[in-house]
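Here are my notes for you, point by point. Keep the model open while you read, and look up each place as it comes along.

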Amino acid sequence: MGIPRTPVRRIAVLALLALAVTACASEKATGGAAAPSAVGGDGVKTGPGVTADKITIGLMTDLTGPYASFGKSLTQAQQLYFEQANAAGGVCGRQLEALVRDHGYDVQKAVAAYTEISPKVVALAHVVGSPMVNAVKQRIEADDMLTIPQAWATGLLGSKPIQVTGTTYDIDMINGVDFLAKEKGIKSGDKIGHLYFEGDYGESALNGSKYAAEKLGLKLVEQKIKATDQDMSAQVAAFKAEGVKAVLVSVGPRQTASLVGVSLAKGMDVPFVGSNSAYSPQLLPTPAGPALLKDFYYITAGIPISADQPAMKKLAADYAAKYPDAAIDSGVSSGYSAAAIVVDALKKACEGKDLTRAAVVAAHRGQSAWGAEFGAVMDFTTFDKPASLLSYVAKPDKDALGGAVIFKEAATSDLAKTYQVPVG
């Protein structure tokens, strides 16, 4: 059917078409964002992800990629937290609902997932992987969406809505080198190796190891690999040829297993200190298990779930009751605490009767001493530096819940206190 030919009707139809085009363009510009904020019958201002009876929170996870076991634990722990919060009455008279999307550690899938769910959620309780967060970082900032990465690269700092929890990889490596010097006899003039992934994770960790090595008079032997590399024989040969006295490890669990297994088989009996992403308890039943149990440690701001601490004991019991057949690893405590961060921000925002995204971010940034029950206390009031400088030294233990125990309580090295963290 054509446009009517009479002038008045033609003008009216053209005006309607113009409005439709403008609305379509506006929707594209905002990524199809939800309607502007409104005030509900309870006097609470709401925005995307919040209705009169429901608050929807996004989870962008890895359930099918290299961190699938970690992603599953994160997701289930957060669903458990939301379920418990709902049983206690929810938040602001509303029930919490998780909207889960699996990106399989693929950046393109992560971008597509964000495009789909961003109009529907008030916050992101976790996003697995620095590359995935960076791919949508500008959109997160434009949406003013509180986001908790499950990644600790320094490149994620400097953004108000993005909260890196605990330490960053460089701080952990500085504290790790300090541990080697104080506990493992590493001294000035010694060589230490560092196996690391190319990209934000590895480069962030390398910044820390370089700084600590320079300050302590150590020579750093670098070996950079891709995330797709599996066999570490060549890297072990290089470390052995250089006579390293210890090796820092900032890769994935598969590469860690190859590194420590090949090292011990080749007679390179040295301590290994990993970033928190380098270890998984699923490695212990593998051929690499004995080498990991012998002299491998990892550095983490998150308290191991095996810790003799009331909150961890309760979480372990609750998680086992909810998911009796699921493995328990660091993803459980990390996911649960991240969910608590988001829900606490929502509760504080509710006090001001404003559940818009901007209000949730502002409420979150008002907390200066959060999380004592989950380990190291964190300061959320600034976003251009890590929330904490405290790192635990954890050690694999096949008999411990979650496959690890605290080897050294959380501490900040003098080196970490003087280090200037690069931002952005």
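1. Let's start inside. The largest nonpolar core has 82 residues, and Val247, Leu259 and Phe272 are the ones with the most contacts within it. A nonpolar core here is a set of buried Ala, Val, Leu, Ile, Met, Phe, Trp, Tyr and Cys residues joined through side-chain atoms within 4.5 Å. Buried means under 20% relative accessible area, exposed over 50%, and partly exposed in between, with a 1.4 Å probe and protein chains only. Helix H6 (residues 169–183) gives this core its largest share, 7 residues. Apart from it there is another core, of 49 residues, including Ile55, Ala77, Leu146 and Ala387. As background, nonpolar side chains tend to be buried together in soluble globular proteins.

2. A word on what you're looking at. This is a predicted model, where local features need pLDDT of at least 70 and side-chain atom pairs count only at pLDDT 80 or more, while totals for chains, interfaces and linings use all residues. Residues are numbered from 1 along each chain as its sequence is written, and side-chain values use heavy atoms, with hydrogens and water left out.

3. Now zoom in on Val247. Which residues does valine 247 touch, not counting those up to four places away in sequence? They are Gly193, Phe239, Leu259, Met268, Val270, Pro271, Phe272 and Val273. Contact means heavy atoms within 4.5 Å.

4. Next, helix H2 (residues 68–87) and helix H12 (residues 330–351). They pack at an angle of about 40 degrees, with axes 7 Å apart, and that makes H2 oblique to H12. Helices (H or I, at least four residues) and strands (E, at least two) are DSSP runs, numbered from the N terminus. Axes are lines fitted to C-alpha atoms, for helices over the stretch in contact, and angles run from 0 to 180 degrees between N-to-C directions. Under 35 degrees counts as roughly parallel, over 145 as roughly antiparallel, 65 to 115 as roughly perpendicular and the rest as oblique.

5. Stay with that pair. H2 and H12 cross in a right-handed way; a crossing is right-handed if the near helix is turned clockwise from the far one by less than a right angle, and left-handed if anticlockwise. Among the H2 residues that meet H12 are Phe70, Leu74 and Ala77, and the H12 side includes Val332, Tyr336 and Val343. By class, the contact of H2 with H12 has 12 nonpolar, 7 polar and 1 charged residues. In that tally Ala, Val, Leu, Ile, Met, Phe, Trp, Tyr, Cys and Pro are nonpolar, Asp, Glu, Lys and Arg are charged, and the others, Gly among them, are polar.

6. H2 has another partner, helix H11 (residues 310–322), with an angle of about 100 degrees and axes 11 Å apart. H2 and H11 are therefore roughly perpendicular to each other. Lys72, Glu83 and Gln84 are among the H2 residues in this contact, and Lys314, Asp318 and Lys322 are among those of H11. The classes come out as 4 nonpolar, 3 polar and 5 charged residues.

7. Back to H6, whose axis comes within 7 Å of that of helix H7 (residues 200–216), crossing at roughly 40 degrees. So H6 and H7 are oblique to each other, and their crossing is right-handed. By class, their contact has 10 nonpolar, 4 polar and 1 charged residues. Leaving aside neighbours within four places in sequence, alanine 212 is in contact with Ile174, Val177 and Leu415.

8. Two backbone spots deserve a look. Most residues other than glycine have a negative phi. Cysteine 92, not a glycine, has a positive phi of about 60 degrees; it sits in the loop between H2 and strand S4 (95–102) and is buried, at 19%. Tyrosine 105 also has a positive phi of about 60 degrees without being a glycine. Tyrosine 105 lies in the loop between S4 and helix H3 (107–117) and is partly exposed, at 28%.

9. Last one: threonine 165, in the loop between strand S6 (146–150) and H6. Threonine 165 is buried, with a relative accessible area of 13%. Not counting residues up to four places away in sequence, threonine 165 touches Ile148, Trp152, Ile341 and Met378.
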